[in-house]
Amino acid sequence: MSSMLEKVSGANFDRRVFLKGAAVAAAGAVTASAVGCSSGNQEPQEETVEASARPENTLEEVDLWTDLPDPDAEGTWIPVACWHNCGGRCSNKALVKDGVVLRQKTDDIYADEEGQGHFQNRACPRGRSQQQQCFGADRLKYPMKRKNWEPGGVNVNGELRGVDEWERISWEEALDMIASELQRIYGTYGARSVYFSTYAYGPYSNILNTLGGYVYADTVESYGNWKMCCSAYGTPFYNSNPDIEGANDRFDLPNAETIVMLGGNPSWASGGSPSYHFARAKEAGTKFVYVGPSRNITASMLDARWIPVRPATDTAMLLAVAYVMLEQDEQKQLIDWDFLHTYCVGFDAKSMPEDAVLDENFKDYVLGVYDGVPKTPEWATEICGTPVEDIEWLAETVGKQHKVMLLHSYAAARSNGTENLSQLFLTIGAMGGHMGKSGHATGAMYHYEAGNAGPQLVKLGSATSAFVPNPITEVIPGGETWKAIVDGHYTYCGTSGSAVNGWAPKEERDIDIKAIISGANNFLQSKMNVNDGIRAYRKVEFAWANDYKLSSSCQYSDIVLPVTTKWEGYTPDTSSPVWINRESQVITSPVLEEGLYEAKSDQWIADQLADRLGLDRAALFPVSEKQNYFNMIAGAKYFAGGKLMYSQDSSALLTAAAKAKAAGEDFDMSGYTEEWKPLVTITQEDIDKFGDVVGEPQEGVIGFDEIRAQGVYQVEMTDDKRWIGYKDFIEDPEKYPRPSKSGKFEIYCQTKADGINSIGINPEPIKPYPNYIVPKEGYEESFADWSAKERGEYPFQMYTPHYLRRSHTTLDNLPWLQEAFENPVFMNASDGEALGLKTGDTVLVSSKWGQVLRHVSLMESVMPGAIAVPHGVRTDIDPETGIDTGGSENTLLGPVVSNYFPQVSGYNTCLVKVEKWTGEPIPYDYEKTFIPSV
Amino acid sequence: MAILGFYFDSTRCIGCRACQIACKDKNRIMEPGITFRTVSSFEAGAYPNPGIFHMATTCNHCESPACTANCPTGAMRKTADGTVQHDDELCIGCQTCVQSCPYGVPKLFEGDMKVRKCDACIAFRQAGKNPVCVDACPMRALDFGDTDELKSKYGSAVVSELPCMPDGGTGQNVLVKPKDCTLEDAFRSVII
């Protein structure tokens, strides 16, 4: 193993000789760890060479550059995983020789074809840099313990967390300590004292749940307010993603005259193919409109008309769009009244749902009947900053006379006070009748479904794992988590849910957390309120974290364990079956059979702990990782014909059929069949050769070795695999009702109002229809005196775009990406100049909750008054000043929950001030490393 | 003889820098600050009508390269396939090419005091493959080949000069499909 380590950690990052004669001196000087070296701007040497020494400079054949060896012949191409939370699951391959990665490439199995043909699912720069995560100089090598912490809860020295030294310990010591600490803490304080990552990850949650469970933080994270109530409105909730099936597939994009994007930046947030699909629609003549606080990278590429709107004020802007549509309908026929009265309830007095208890409707609210305030463009512009003429233009553009796709990301709803935005967006789409037809759509663009929506056509099988439910129902609303641990109490409100399931009336509760555990997660960095997070970490008796590198969560823990990446061992990417482009499925293989350095897989670690804790290992981990890897391939299936539906719709149909049958009624199931067939042919020889697994031979359409070499399988597109969102419902609303109470889209939704108002964190009851809510930490609060327009201490509105350098917090440490994306904060050029700033200056950004330093980029593409602080960068607290010199947005975000939904974290609503930094300029990220010295 | 060059579609580029990283990967460049293919971002126009654009640039494999003309050792040479190549063994690290190239293409590696630059993936092309940047681009915004063929493939709108492209008078073999905002004289470099 030691020779392998040398090869991987040294040779892998040595310059390789590619050209004959291109010998390189000073090998080893260019390793990945040499990220701090200077950048080559050296003065030329005073050296001259006699002219006679110069070879002829001619165009004649030069032997040096002929008959070069095929660079692909140097090693073997292995399809490798890129498993992060971006939803791309693009095709990546590594050229490997003796465990050393020579180079990467992307999809070259399929060609780009016209019409309904294939496309190459090419990787984004993150995938191309994956080797620097797996073989980075900053990989955690050994289990480590914080020097001044001892197990037992006495010698904790919690105040040293984050600044203490590390000691290398053995796996035996590390696992013994963790097991004994878990036993002590569960035994002494009970399960309510253990706090574990939000995203429960199988191996560890099973262990903790067997011990009694744990407290977790519940927040809808990415989806913001778009998730809350989506099913109650009748919009979809598939695979945890709200509103996902409303959009159409990539082939239908060019059929739209106009595609309106409300937020969303697929070029950064959904790397890989989505931007390419949209670009092809642009080239086919589709016009784009972008609504948001900056004209972002995607909007710029698409030549989109920009409708500027201040962060968290989209609801006001869209209410004015509805107003203009109503006002101008008689003259221009903008509204599809048939649609509103056939497929929706609650738009006007004529279409109220049966369960309505309030004699109010959306139309009259917009016209100002109830509050005396017509939601005119003039009313809206004071709030949202969108020019009146832009609102009027947009209202006509999205009217029923045009073929329009209304697509949204969840960004706008990751804001306080946007509880009504999703219902309003749906309403605008319904007013124009933009659903269920080619060229029309109203829905989400997110992850793999950005630019190519529809049910998956090829899926991996499932991994077999035990599921131990959590006996504890203690759930802290996400935004309040760290403060709750610090303060010892919080407001319990139940869990988030797509309808009203799980919500509970607010209730003050005490909480006393003694252990913080982070696995498959970096929640100190990814949750708002980092400063309280550090206080929380420093308060507890025991903190344990696992990662590939010294993440912020590791830095503030007591025991840190190195885990394998998915390039080491058969660690199945259990999210792969669902997080992928609908037309293709990647199947990857490890580069190394064993973990790098002393890294071990999550399952190995959990199994070792189970052993020490006396738990039933066979029940907790019934299947080996290699067997699960095999099972996922063996269980892979492709859509072989019939009626394509999302699983929630097919189960709703089956439920309706069963109900009808029980009632002795007829239910027409004709036309509903779907056939799925095994994808992979597996022979007994394949099973024997692969080794260490059991399985049955099976017949598929591609061989086991073939698909593992190819690394990707893309289906042949046929008409029965095409997808138009809501087509079934529009064609037959009786047979295919929506999941709302009325079975229709609910523009007046009693379920929503009753559910939200039952939580009771806002004394002002929410309306059943989408009314305007003044957001916490929104534009209005940036004024000390709104009517006098006198600005307050924090006059800028911060929002937090997803940044192409990383996927949330992961990949942020890779030198190639850090060099390519410097991660400045972005603000309007005039705003910056007024503060005496120029691009590249270090700025101090301060909120009520924290302070960060970062370079600034001044741009005309950012709306005045807004500042974009990219999401996910690593915190680096200066112990002297308390300032986060890393520049994390979550240091600026406070323990603020949304106006009505405590589980919504308003990442895009935060008020800040910006100043020129007069101290030392901060370094670039590639000049810093976080490598623990042990 | 065919004149070889790169094609770049600025109407498609999203500035993702996959080409830049694929190039660093292929050339195993771990040093920050050294790129053989470089993506730069620009902005033209003013709020509320701004335009962001990106340029992915590399060696232009010029007709009359300043680097070859000024290289004292012949390390920088125009080869039979029309591309400009660099012989590391002959390089003395004097950086005359670095100084003379109007486009900032040759880069000094301080580790061994050698200059290197884009070789248009000559070994890949001899094996019948594309340069890695071409196959890396998620937007299919890059191509490489006979510039006459590229012109006929991508239409008459392609240009070799833009306000943001320095004109070194060296007969640079590069073709760009311009986006409207790339044509504006007033543009600014931006960090994205």
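Me: This is a predicted model. Are H10(A) and H15(A) roughly parallel or roughly antiparallel to each other?
Reply: Helix H10 (residues 314–332) and helix H15 (residues 421–432) of chain A pack with their axes 10 Å apart, at an angle of about 25 degrees. Angles under 35 degrees count as roughly parallel. H10(A) and H15(A) are therefore roughly parallel.

Me: Is the crossing of H10(A) past H15(A) left-handed or right-handed, and which residues of H15(A) make the contact?
Reply: The crossing in which H10(A) passes H15(A) is left-handed. On the side of H10(A), the contact involves A:Asp314, A:Thr315, A:Leu318, A:Leu319, A:Val321, A:Ala322 and A:Met325. Residues three or four places apart in an α-helix point the same way, because there are 3.6 residues a turn. On the side of H15(A), the contact residues are A:Leu421, A:Leu424, A:Phe425, A:Thr427, A:Ile428 and A:Met431.

Me: Which strands stand at the edges of the open sheet of six strands in chain A?
Reply: The order of this sheet is E5-E4-E22-E21-E20-E6, and its pairing is mixed. A strand with a single partner has one side left without a neighbour in the sheet, so the edges belong to E5 (166–168) and E6 (194–196) of chain A.

Me: By how many degrees are neighbouring strands of this sheet turned against each other on average?
Reply: The value is an average over neighbouring strands of the sheet, with direction ignored. It is 20 degrees.

Me: In which sense do E21 and E22 of chain A pair, and what is the bridge partner of A:Trp544?
Reply: Strand E21 (residues 542–547) and strand E22 (residues 559–562) of chain A are joined over four bridges, in the parallel sense. The bridge partner of A:Trp544 lies in E22(A) and is A:Ile559.

Me: Which residue in the turn between E2(A) and E3(A) has a positive phi?
Reply: Strand E2 (residues 92–97) of chain A pairs with E3(A) in the antiparallel sense over six bridges, and A:Lys97 has A:Val100 as its bridge partner. Strand E3 (residues 100–106) is mostly covered, with seven of its seven residues buried. The two strands form a hairpin with two residues between them, and the turn residue with a positive phi, of about 50 degrees, is A:Asp98.

Me: Is A:His447 buried or exposed?
Reply: A:His447 lies in the loop between strand E15 (441–444) and strand E16 (458–459) of chain A. Its phi is positive, about 50 degrees, although the residue is not a glycine. A residue is buried if 20 or more other C-beta atoms lie within 10 Å of its own. A:His447 has 25 C-beta neighbours inside 10 Å and therefore counts as buried.

Me: Where is A:Asn823, and how many C-beta neighbours does it have inside 10 Å?
Reply: A:Asn823 is in the loop between helix H28 (815–820) and strand E33 (825–828) of chain A. Although not a glycine, A:Asn823 has a positive phi of about 65 degrees. A:Asn823 counts as buried, because its C-beta neighbours inside 10 Å number 24.

Me: What covers the buried residues of H22(A)?
Reply: Helix H22 (residues 625–634) of chain A is mostly covered, seven of its 10 residues being buried. Among them are A:Tyr629, A:Phe630 and A:Ile633. The covering elements include strand E26 (680–681), helix H24 (684–690) and helix H25 (704–710) of chain A.

Notes:
Residues numbered from 1 in each chain as written. Chains lettered and ligands numbered in written order. Predicted model: local features only at pLDDT ≥ 70, side-chain atom pairs only at ≥ 80, totals over all residues. Pairing = 2+ DSSP bridges. Axes fitted to C-alpha atoms, helices over the stretch in contact; angles between N-to-C directions. Buried ≥ 20, exposed ≤ 12 C-beta atoms within 10 Å, placed from the backbone. Contact = placed C-beta atoms within 7 Å. Parallel < 35°, antiparallel > 145°, perpendicular 65-115°, else oblique. Left-handed = near helix turned anticlockwise from the far one by under 90°.
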